[in-house]
Amino acid sequence: MGIRVERVSKHFGEFKAVDDVSLDVETGSLVALLGPSGSGKSTLLRLIAGLESRDTGRIWITGEEATERSVQDRQVGFVFQHFALFKHRTVRQNVAFGLELRRWKRDAIKRRVDELLDLVQLKGYGNRFPSQLSGGQRQRVALARALAVQPRVLLLDEPFSALDAKVRKELRAWLRNLHDEMHVTTVIVTHDQEEAMEVADRIVVMNEGRIEQIGSPAEIYDQPATPFVMSFVGAVNVVPRAALLAQDPGQAAPGLPREAQGEAEPVFIRPHDVQVYTTPQEGSVPAQLRRLRHMGRDLQAELVLADGEVLMAQFPREQIDYQAIKPGDGLHIVSRQVRSFEADYMI
């Protein structure tokens with residue numbers, strides 16, 4: 001086991017930052033801690049690293065208990081959100097810093113630094129200072145520095161959040177390729193669901209200091225365990241059950257058991273599971289088009305149901321003659337998949 005966290009808690013005064021959390025991270029895997037601000041994900045990462053002391057619980061790293069060990073003795077590589085590079089040191093000197101502290105020989109340091117600069121695609125940048133690099137390059141230097149000491153695990157605390165969208169996407173792909181090459185047990189903290197889905201083998205969704213669900217990206221998206229997970233991971237519509245009743249009172253609403261209709265209980269529908277038509281369909285619900293957005297290949301429709309509820313639908317532009325419709329037009333929708341957590345069924 002790469003990392004094991006057993007019933008760990010951390011309080012800051014009355015605030016429960018991490019509340020009785022248990023987690024196993026397989027050796028060589030890349031796991032994302034995903035959640036909103038204040039969910040406890042960064043605190044949990046810092047507890048694993050030894051940068052925070054836990055109130056209760058135990059922590060193991062590569063099979064050895066690390067609960068009472070210092071940061072240095074845990075042999076972890078930690079990458080911060082804001083790079084934390086030494087401004088007065090060159091790229092080469094930044095990467096070599098940890099090796100110098102460990103009293104590596106000069107020739108060994110040079111070989112290791114050369115190897116890492118090549119690995120992070122910064123060969124030829126060794127004599128530059130951080131101020132002479134782009135944000136993405138500085139973050140790669142930070143990763144190289146963390147990897148230099150050959151850590152047992154690599155911990156990244158929202159490493160790309162300070163970068164622009166294009167650079168973030170490029171670095172996500174780069175990090176995944178780097179991990180596939182090195183197989184270092186890695187935990188990355190992020191509030192970006194797309195980032196977690198793109199880089200991680202498994203995702204740990206956190207909320208209010210506790211774990212809501214652990215699973216593969218597909219499991220988290222397709223089989224959310226709680227309303228919070230469904231709402232946080234991916235776009236979703238949340239509407240009262242009654243809003244999906246078909247226009248004909250005698251006809252069942254699409255995807256809902258007959259006995260469940262008419263309740264105010266909320267149901268969850270992904271925008272891509274809402275089919276839009278210009279004419280009535282079996283079991284369809286009438287809606288008025290408020291706005292149509294062009295998202296490249298897809299269209300996104302903002303629809304108002306009969307009771308005033310607003311529903312978002314996203315679908316391929318081939319599905320409908322979008323040039324023939326305009327705001328205010330009446331349309332008809334069918335929900336292919338509806339989720340109700342209270343009734344605990346999925347269709």
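Helices (H or I, at least four residues) and strands (E, at least two) are DSSP runs, numbered from the N terminus.

## Basis of the model

This is a predicted model, in which local features need pLDDT of at least 70 and side-chain atom pairs count only at pLDDT 80 or more, while totals for chains, interfaces and linings use all residues. Residues are numbered from 1 along each chain as its sequence is written, and side-chain values use heavy atoms, with hydrogens and water left out.

Arg241 is found in the loop between β11 (237–240) and β12. The residue is buried, at a relative accessible area of 1% (buried means under 20%, exposed over 50%, partly exposed in between, with a 1.4 Å probe and protein chains only).

Two side-chain polar contacts involve Arg241: one with Glu265 at 2.3 Å, and one with Ser340 at 2.8 Å. A polar contact is a pair of N or O atoms within 3.5 Å; within protein, one must be able to donate a hydrogen and the other to accept it, and residues adjacent in sequence count only if both atoms are side-chain atoms.

## Aromatic rings

Rings of Phe, Tyr and Trp (its six-membered ring) pair if their centres lie within 6.5 Å; planes under 30 degrees apart count as stacked, over 60 as edge-to-face and the rest as tilted. By this rule there are four aromatic pairs. One of them joins Phe268 and Phe341 edge-to-face, with 5.1 Å centre to centre and 90° between the planes. Phe268 belongs to strand β12 (residues 266–269) and Phe341 to the loop between β18 (339–340) and β19 (345–346), so the pair links parts 73 residues apart in sequence. Both Phe268 and Phe341 are buried.

Charged groups also sit over rings (NZ of Lys or CZ of Arg within 6 Å of the ring centre and within 35 degrees of the ring normal). Arg270 places its charged end over the ring of Tyr221, 4.2 Å from the centre. Arg89 lies over the face of Phe86, 5.8 Å from the ring centre.

## Pockets

Pockets and cavities are found on a 1 Å grid over the protein atoms alone: a cavity is a set of points where a 1.4 Å probe fits but cannot get out, a pocket is an open set with protein on both sides within 12 Å along at least five of seven lines, and lining residues have an atom within 4 Å of a point. Grid points are joined across faces, edges and corners, and a volume is the space filled by probe spheres set on the points.

The largest pocket holds about 570 Å³. Of its 18 lining residues, Val71, Val76, Phe78, Gly98 and Arg102 are the closest to the centre. At least two lining residues come from each of α2 (71–74), β6 (76–79), α3 (91–101) and α5 (135–148). The second largest pocket holds about 180 Å³. Its lining draws at least two residues from each of α3 and α4 (106–119), and α4 gives the largest share, five residues. This lining has three nonpolar, three polar and five charged residues (Ala, Val, Leu, Ile, Met, Phe, Trp, Tyr, Cys and Pro count as nonpolar, Asp, Glu, Lys and Arg as charged, and the others, Gly among them, as polar).

## Cavity

One cavity of 30 Å³ or more is found in the whole structure. The largest cavity holds about 60 Å³, and helix α6 (residues 165–182) supplies the largest share of its lining, four residues. The lining of the largest cavity comprises seven nonpolar, two polar and no charged residues, including Leu30, Leu147 and His179.
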